[in-house]
Amino acid sequence: MARAAVSGRLGERLRWRVATLVGQREETPTTRTLVLDVPGWPGHLAGQHVDVRLTAEDGYSTQRSYSIASAPDGALLELTVQQVSDGEVSPYLAHDLIAGDLLELRGPVGGWFVWRPEQTEPVLLVAGGSGIVPLMAMIRARRQLQMQLGPLAPFRLLYSVRSPGDRMYLAELQAPDPGLDVHFLYTRQAPQGWARPPGRLTEADLAAVAWPPSAQATTYVCGPTGFVEHAADLLVGLGQAPDRIRTERFGPTGG
Ligand SMILES: Cc1cc2nc3c(=O)[nH]c(=O)nc-3n(C[C@H](O)[C@H](O)[C@H](O)COP(=O)(O)OP(=O)(O)OC[C@H]3O[C@@H](n4cnc5c(N)ncnc54)[C@H](O)[C@@H]3O)c2cc1C
């Protein structure tokens with residue numbers, strides 16, 4: 001009986017669904033949020049992703065993973081796609097898709113890199129580039145819950161981008177929720193007058209925002225593979241317990 005229920009839920013997640021693009025927002029010149037209507041969507045947790053499948057007229061088909069940007073209880077599903085300049089799929093999603101176009105997707109996928117409403121510990125979010133997407137879903141989920149329940153455990157976000165123009169969700173992050181501290185870090189070009197010179201994430205950057213080990217916080221790190229591995233190593237060096245650091249790698253390059 002329990003087995004049948006589990007396989008039924010798995011079947012739902014593995015089923016390809018047809019989504020319709022019903023809205024879009026430009027987040028940066030190379031990044032766009034796609035607002036999708038997905039009939040029969042089973043719901044998701046903040047941090048999960050979907051698989052998107054594109055099929056050409058000649059039958060050629062390819063698929064990629066995209067994190068869900070929207071909070072769990074929205075009627076529509078949002079994905080934010082950053083264009084990889086020589087990429088096969090992301091330029092199409094970030095630029096070419098127009099309202100009314102259809103996409104195949106399945107999910108939600110993932111059960112480890114998630115923030116659940118019942119978590120009460122402090123949280124550190126560390127994002128490199130488009131790695132902000134699932135972390136934004138966590139911020140949005142917390143905001144929704146906080147509106148219903150009142151103050152929740154605090155979140156801190158350290159968001160590493162190449163330059164100020166690369167910051168996604170800027171308006172939302174510049175008006176942060178109570179209990180959310182947002183810190184930006186620039187690797188190539190910082191805003192004028194910014195005290196920290198542009199450069200790669202350092203131990204000092206993380207030490208300035210990390211919760212003390214005694215806080216038993218959970219840390220979520222997401223971004224390009226090199227960024228994630230570097231950040232996780234630094235966090236462990238700072239005394240964070242490895243089993244309290246959850247990571248999600250988006251792509252092959254360093255940050
Ligand atoms: C779990 C998961 C969630 C993801 N969520 C998101 C998301 O929310 N938003 C988003 O924009 N992307 C996300 N990605 C990355 C996404 O799946 C694709 O890898 C990305 O869009 C590039 O696809 P492409 O077809 O354009 O490039 P490809 O044709 O696959 O690759 C083209 C070139 O770019 C390099 N490349 C591939 N991926 C990346 C990358 N991520 N960064 C830098 N270089 C890359 C390749 O090595 C290759 O040289 C996620 C990946 C995973 C595994």
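**Close-up views of the ligand site and salt bridges**

View 1. A backbone N or O atom of Ser-67 is placed 3.1 Å from a nitrogen atom of the ligand, a polar contact in the sense of a pair of N or O atoms within 3.5 Å. For Glu-88, a backbone N or O atom lies 2.9 Å from an oxygen atom of the ligand, and a polar backbone atom of Val-89 is 2.8 Å from an oxygen atom of the ligand. Taken alone, the ligand exposes 900 Å², of which the protein buries 76%, with accessible areas from the Shrake-Rupley method and a 1.4 Å probe. This is a predicted model, in which local features need pLDDT of at least 70 and side-chain atom pairs count only at pLDDT 80 or more, while totals for chains, interfaces and linings use all residues. Residues are numbered from 1 along each chain as its sequence is written, and side-chain values use heavy atoms, with hydrogens and water left out.

**View 2. The shell around the ligand.** Of the 22 residues around the ligand, Arg-64, Ser-65, Tyr-66, Gln-82 and Ser-90 come nearest, where a residue is near if one of its heavy atoms lies within 4 Å. Strand E4 gives the most to this shell, with four residues; helices (H or I, at least four residues) and strands (E, at least two) are DSSP runs, numbered from the N terminus. By class, the shell has eight nonpolar, nine polar and five charged residues, with Asp, Glu, Lys and Arg counted as charged, Ala, Val, Leu, Ile, Met, Phe, Trp, Tyr, Cys and Pro as nonpolar, and the others, Gly among them, as polar.

**View 3. The salt bridge between Glu-88 and Arg-64.** Glu-88 forms a salt bridge with Arg-64, the closest N and O atoms being 2.9 Å apart; the term stands for a side-chain nitrogen of Lys or Arg within 4 Å of a carboxyl oxygen of Asp or Glu. The pair links distant parts of the chain, since Glu-88 is in the loop between E5 and H2 and Arg-64 in strand E4, 24 residues apart. Glu-88 is partly exposed, at 46% relative accessible area, and Arg-64 is partly exposed at 31%, where buried means under 20%, exposed over 50%, and partly exposed in between (1.4 Å probe, protein chains only).

**View 4. The salt bridge between Asp-177 and Arg-143.** The side chains of Asp-177 and Arg-143 meet in a salt bridge at 2.7 Å, N to O. Asp-177 is buried, with a relative accessible area of 10%, whereas Arg-143 is partly exposed at 23%.

Note on methods. A polar contact is a pair of N or O atoms within 3.5 Å; within protein, one must be able to donate a hydrogen and the other to accept it, and residues adjacent in sequence count only if both atoms are side-chain atoms.
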